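Please look over the sequence and the structure shown below before reading on. The paragraphs that follow lead through them step by step.

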Amino acid sequence: MKRLKRWPLVVVAALALQVVRVEACVSTSQADAEARLAYLARRIDDGTFPGLAPGPPFDGEWKVGTLSMSSLAALNLAHASPETRRARAALVSAWAERMLRDDVRAFDGAKWGADALATLPGPEGHAGYLGHLAVVFGARCALTGVVTPLHAQVVDALARRLDASEHALIETYPDETYVPDNVAVAAGVAMFDACAGTGAHAATLARWVKVMRARWLDARTGVLVFAPGQGARGSGAAWNAIFLPFVDEAFAREQAERTWQAFGDEALSGWLAGVREWPRGEARGGDVDSGPLVFGVSPSATGFMLAAGLHQERLLATIELAGVSFGVDERRYLLSPLVGDAIILAAKTAGARRGLVVPVSVGDEGLLGP
């Protein structure tokens, strides 16, 4: 009986130690970010990614997502530490070339029955692959100052397809249209315009924002819906916090605040914070987009939401409690797939470029020039 009475004390002590560990491991320091980027770079370089992904097409989506988010993280860190820009430029340039490999774009071609790059002159969507390709190209351009012909062709094709759509949305796959994928598409277009300095697609982006506000806001939450015919979801709304600032900072701030109002959650007197997948009062299950739900809280949405800069320390505490950081020179979350590490790093470093939608200053020849 005495041993049984000790168990509550043991549990309390274990929880206290976990709190101390979490407080010690939550970090937004440059050194922590550098170590996490080093881990991502090694895994991408040696080809051991995406890792722990479900079957097709999600394995391909996670591979593209890892490259896209890692590129944004590298761009963010270049803003935070300008002396690292040359190294970041080389890294992101390699990832841009990786995005063009057959094994990376195969998932999209399999769904469409046609290669995305071969269909650039046509009307097909390919929002998932081409949107992220434009984002990675945009990060490379911001770091190098170089606009390649293929980059321009991809962005022109995406802008043309957005213009041709009455509802300013293009398909991810045949008969599958998702608003968050289109937010990434718009971000890729905006990044191109910022780097090229021409404003060539300004009218397309202005119309896109106007249609998003007029047609695709969820009546219940005021947050962009997940897909036509569906309501808003935490994972989609928080995803937008990463990409929407490239397009319209004011719209992004508004959406982030509404997302927190509708989906934000707290525990342990506010020490922990998370983002629910479904609005409060709606009990539904999770899926591959949300990740496994814990009391309704989505790990994906919680990670994405870091980009908004709202309650970041408490969100990181939740992520640390669930993910468990590990490593020194290379740092990662033990209980996260690689794409999760990339997402969290891109999101939590987004503040380094907040308000900076123009490319970093690289000079006339760019960081990779002579």
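**A guided reading of the model**

Thr172 is located in the loop that links helix 7 (149-164) and helix 8 (179-196). Helices (H or I, at least four residues) and strands (E, at least two) are DSSP runs, numbered from the N terminus. The structure is a predicted model, in which local features need pLDDT of at least 70 and side-chain atom pairs count only at pLDDT 80 or more, whereas totals for chains, interfaces and linings use all residues. Residues are numbered from 1 along each chain as its sequence is written, and side-chain values use heavy atoms, with hydrogens and water left out.

Thr172 has a relative accessible area of 2% and is therefore buried. The term buried means under 20% relative accessible area, exposed means over 50%, and partly exposed lies in between (1.4 Å probe, protein chains only). When neighbours within four places in sequence are left aside, Thr172 is in contact with Asp108, Trp112, His126, Ala127, Gly128, Thr177, Tyr178 and Asp181. Contact here means heavy atoms within 4.5 Å.

The protein chain as a whole may now be considered. It has 14 helices and four strands. Of its 370 residues, 55% are buried. Among contacts between residues at least 6 apart in sequence, 69% join residues at least 24 apart. The chain exposes about 15800 Å², of which carbon and sulfur atoms supply 59%. These accessible areas come from the Shrake-Rupley method with a 1.4 Å probe; for residues, only the protein chains shown count as cover.

One pair of helices deserves a separate description. Two packed helices are described by the angle between their axes and the distance between the axes. The axes of helix 2 (residues 30-45) and helix 4 (residues 85-99) come within 12 Å and cross at roughly 35°. Axes are lines fitted to C-alpha atoms, for helices over the stretch in contact, and angles run from 0 to 180 degrees between N-to-C directions. On the side of helix 2, Glu34, Leu37, Ala41, Ile44 and Asp45 take part, and they meet Arg88, Leu91, Trp95 and Arg98 in helix 4. By class, this contact has five nonpolar, no polar and four charged residues. Ala, Val, Leu, Ile, Met, Phe, Trp, Tyr, Cys and Pro count as nonpolar, Asp, Glu, Lys and Arg as charged, and the others, Gly among them, as polar.

Ala202 lies in helix 9. Its relative accessible area is 41%, so Ala202 is partly exposed. Ala202 and Ala159 are 43 residues apart in sequence, yet their C-alpha atoms are 9.9 Å apart in space. Trp216 belongs to the loop between helix 9 (202-215) and helix 10 (234-247). Trp216 is buried because its relative accessible area is 9%. Not counting residues up to four places away in sequence, Trp216 touches His167, Leu169, Val211, Val223, Leu224, Val225 and Pro228. The side chain of Trp216 also reaches the backbone oxygen of His167 at 3.0 Å. Such a polar contact is a pair of N or O atoms within 3.5 Å; within protein, one must be able to donate a hydrogen and the other to accept it, and residues adjacent in sequence count only if both atoms are side-chain atoms.

Two residues draw attention through their backbone. Most residues other than glycine have a negative phi, and most peptide bonds are trans. Phe295, although not a glycine, has a positive phi of about 55°. Phe295 sits in the loop between strand 2 (272-275) and helix 12 (299-305), and with a relative accessible area of 78% it is exposed. His311 likewise has a positive phi, near 55°. The loop between helix 12 and helix 13 (312-323) holds His311, which is partly exposed at a relative accessible area of 31%.

Finally, Arg331 is placed in the loop between strand 3 (325-326) and strand 4 (332-333). With 15% relative accessibility, Arg331 counts as buried, and its side chain reaches the backbone oxygen of Gly327 at 2.8 Å.
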